[in-house]
Amino acid sequence: MATEAVVSPVRIGRLSIGALGILALALGTLQSVVEPALPLLQRELGVSPAEGALVGNTLLITGAVVAPVAGKLGDRYGGKRVLVRLMAVVSAGGLLAGLAPNLPVLLLGQVLQGVMVGALPLSFILVRKHLPSGESQLAIGVVMALFTGGGMVGTLFAGPIAEGLSWHWMFALPTIAIIAATLVLTRLMPHDPPSPSDHRIDWPGMVLLSGTLLTFMLGLVKTTGAGLPPLAVGAIAVAVAALTTGWVVVERRAASPMVDLGMLAKPAMWHSCVLTLVITAGFGMVAFLLPQLFAVSADGYGFAADTTEIGLFLLPGAVAGAVSDSVGGIAARRFGLRAVLVVGAVVTAGTMVALMSLHTAEWQLVLAKVLAAIGAGLGTTALLTRTATAVGTRDTGIATGLLVVTRVIGVAVGSQVAGAILDAGADSTTGRPAESAFVTGFAVAGLVAALSLLVVRSTKKGTQA
C-alpha cells in the first residue's frame, strides 16, 4: 500500500487549478506593467531612455536564462517544490521593486522577477502529473489564457495604479497576489515525486549567458549615453566577445547544456533562430519606441499621454499579439511557412516606412503597434510550431527551448538598440529625444524587417519543413 501511494498520482481539485490560474494571472500582470509605465519611470528616476530600457530587459534576460532549465529543475526536484521556491524569488523581486528608491535597486528587483518564466512549465508539469490527459489539456489552456489575460490587465491598469497611488504599487499589488496564490498552492497542491537524472544543471552556462547579455546591454547604455572614448568602447566589445566565447566553450563541453549548440548545426534550426532573432529585434524596437513617442510633450511632435492613456493605446496591440500568437501555427500549415514569414515582414517593414512620416495622430501609432504585433506574432509562432514538427520527438523540447530563448533575446536587444538611438538623438539641454531620433528608430526597425525578407529568400525550401 505504501508503494502504491507513492506511485499513484494524487488528483488535484478545482481550488488547486484555480490557484495556479490566479498565480498565472498575477505573473502576467507583474510582467506587463513596465511597458506603459516606462516613460513615467524614466521621469521619476531621472534616467535616459536607454537606461529605462534596462528595466524591462533585465527581466527578459533572467527569463532567457531560466526558461531552458525550469522544466529540468521541476523534473529533478519536483514541480511543486521548485515552483514554490521560484515564486519566493519572484515575490522578493516584486517587493524590492515596490520599495526601490533608485534605478539599481529596481533593476535588481526586475532580475529576481525574471524567474517567473519558469512558472508556466512547472505549472504544466504539476497539471500533467495530477490530472488525466483530457483534463490536463483543459487546465493548461486555462493557465495559459489567464497568463495572457494578466498581460492585458497589467497594460490596462498600470496607469491608474501608478497615478492614483504611486509607481511602486504597480509592482507591489501583483506581488501580494502572487504571495497569496503561492500560499494556497503550498497548502493544497500535493507533492510530486522528483525524477532521478544523471545530467547536471548547467549552472556555468546560465551565469555566462546572463553575464554576456547584461554586459552587452550596459555597454550600449554607456556607449550612447556617456560618450565613452574609443578605448573604453573597445574594452566593452572585448568583454562581450570573451564572455560569448566562454559560454560557447562551456555549452560545447557540458553533458547537459542549457542550449544545445549542436542543434544549431541543422540548417532548419539555425535558419529558424536567425529569423526569430531578426523578427523579434524589430518588434522590440517598435514596442519600445511607441510608448516613448506617446509620452513626449505635445509642444512639437508628441502627445503628452499619461501612463493610463499609454496603456489604453497599447491594449489593442496586446490583444492583436495574443491572437496572432494563437493562429501562427495554423496559418503556417494552411499557407506555408515561407508565405507567413514574407507577409509578416512586408507588413512590418511597410508599417515602419509609413511611421517615418505618419506619426502625428494617436490612431496611427495604435494601428502601427497592432500591425507590428500581428507580423511578429504570426512569424515567430509559425517558426516555433513548424520547428517543433520538423525535428525528432526527442529533440522537440531542445529545439523549442532554443527558439524561446532566441525570441526573448531578440526583444531585449531590439528595445535596447531603440533606447540607444533615442539617447543619441536627445537634446543636450532638455534631454528630450528629437523627432528625427524616432524617425531614425522607425527606419532601423524597417530595415531589420527587410533583413528578415533576405533571410527568408536565402533559406532553402527543404529547411522549412
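What follows is a short tour, with something to select at each stop.

Before you click, know that this is a predicted model, in which local features need pLDDT of at least 70 and side-chain atom pairs count only at pLDDT 80 or more, while totals for chains, interfaces and linings use all residues. Residues are numbered from 1 along each chain as its sequence is written, and side-chain values use heavy atoms, with hydrogens and water left out.

**Stop one: the whole chain.** Switch to cartoon view and you'll find 17 helices and zero strands (DSSP runs numbered from the N terminus: H or I of at least four residues for helices, E of at least two for strands). Of the 465 residues, 50% count as buried (under 20% relative accessible area with a 1.4 Å probe, protein chains only; exposed is over 50%, partly exposed in between).

**Stop two: the core.** Select Leu-27, Leu-83, Met-87, Trp-167 and Phe-171: in the largest nonpolar core, with 98 residues, these touch the most other members. Such a core is a set of buried Ala, Val, Leu, Ile, Met, Phe, Trp, Tyr and Cys residues joined through side-chain atoms within 4.5 Å. Helix 4 (residues 49-77) gives this core its largest share, twelve residues. A second, separate core has 13 residues, including Leu-275 and Val-456.

Now center on Met-87. Leaving aside neighbours within four places in sequence, Met-87 is in contact (heavy atoms within 4.5 Å) with Leu-23, Leu-27, Met-116, Ala-119, Ile-178 and Thr-182.

**Stop three: helix 5 and helix 9.** Color residues 168-188, which are helix 9. The axes of helix 5 and helix 9 come within 8 Å and cross at roughly 160° (lines fitted to C-alpha atoms over the stretch in contact, with angles from 0 to 180 degrees between N-to-C directions). The two helices are therefore roughly antiparallel, a label for angles over 145 degrees. Among the residues that meet here are Leu-83 and Met-87 in helix 5, and Phe-171 and Ile-178 in helix 9.

**Stop four: helix 5 and helix 6.** Next, pick residues 79-99 (helix 5) and 103-113 (helix 6), whose axes are 7 Å apart at an angle of about 160°. That makes helix 5 roughly antiparallel to helix 6. Look for Val-89 and Gly-93 in helix 5, and Val-105 and Gly-109 in helix 6, among the residues that meet.

**Last stop: a loop.** Where is Ala-304? Ala-304 lies in the loop between helix 12 (267-295) and helix 13 (307-335). Ala-304 has a positive phi of about 55°, although it is not a glycine, and is partly exposed, with a relative accessible area of 45%.

Key
Parallel < 35°, antiparallel > 145°, perpendicular 65-115°, else oblique.
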